[in-house]
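Reader: I have a chain open on my screen and would like to go through it with you. Could we take it one question at a time?

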Amino acid sequence: NPHKAAELLITEDGIKKAINNLPERLKSPFILYELQGFKYKEIGKILDVPLNTVKVNILRARKQLQKELKEYAREYFK
């Protein structure tokens, strides 16, 4: 279905842009956890930050992405 394919491309583009808009301190742990499958402890060692910082930054990244993607969806899927 061409309509569904177009929606999927628009959605993927929006997600990529939203992730790229994250500040580096949120983007790095988010990508390592969600896209590359690292565990919190591993991310802490890779980024040389405490475990709680990793958890908080991933949570903040998710919240920021959720907010940005809601706005994106309102704009493109009226």
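Reader: Leaving aside its neighbours within four places in sequence, which residues is Lys27 in contact with?

Author: Happy to start there. This is a predicted model, in which local features need pLDDT of at least 70, side-chain atom pairs count only at pLDDT 80 or more, and totals for chains, interfaces and linings use all residues. Residues are numbered from 1 along each chain as its sequence is written, and side-chain values use heavy atoms, with hydrogens and water left out. Contact means heavy atoms within 4.5 Å, and with neighbours within four places set aside, the residues that Lys27 touches are Ile19, Asn20 and Leu22.

Reader: Is Lys27 buried or exposed?

Author: The classes rest on relative accessible area: buried is under 20%, exposed is over 50%, and partly exposed is in between (1.4 Å probe, protein chains only). Lys27 has a value of 16%. Because that value is under 20%, Lys27 counts as buried.

Reader: Which residue meets the side chain of Lys27 in a salt bridge?

Author: Side chains of opposite charge can pair when their charged atoms come close. For a salt bridge, a side-chain nitrogen of Lys or Arg must be within 4 Å of a carboxyl oxygen of Asp or Glu. The N to O distance is 3.8 Å, and the partner is Glu24.

Reader: How many salt bridges are there by this rule, and which residue pairs with Glu34?

Author: The count comes to two salt bridges. In the one that Glu34 forms, the closest N and O atoms are 2.5 Å apart. This pair links distant parts of the chain, 28 residues apart, with Glu34 in helix 2 and its partner in helix 4 (residues 51-76). Glu34 is partly exposed at 35% relative accessibility, and the partner, partly exposed at 33%, is Arg62.

Reader: Leaving aside its neighbours within four places in sequence, which residues is Leu26 in contact with?

Author: Leu26 is one of the core residues, as is Ala61. With the neighbours within four places set aside, the contacts of Leu26 are Asn57, Arg60, Ala61 and Gln64.

Reader: What is the radius of gyration of the protein chain?

Author: Helices (H or I, at least four residues) and strands (E, at least two) are DSSP runs, numbered from the N terminus, and the chain has four helices and zero strands. The radius of gyration is taken over C-alpha atoms, and the globule rule is 2.2 Å times the number of residues to the power 0.38. That rule gives 12 Å for 78 residues, and the chain is well over this, so it is more spread out than a compact globule, at 15 Å.

Reader: How far apart are the C-alpha atoms of Arg74 and Tyr33?

Author: Arg74 is found in helix 4 and is exposed, with a relative accessible area of 57%. Arg74 and Tyr33 are 41 residues apart along the chain, and their C-alpha atoms are separated by 27 Å.

Notes. Core = buried A, V, L, I, M, F, W, Y, C linked by side-chain atoms within 4.5 Å.
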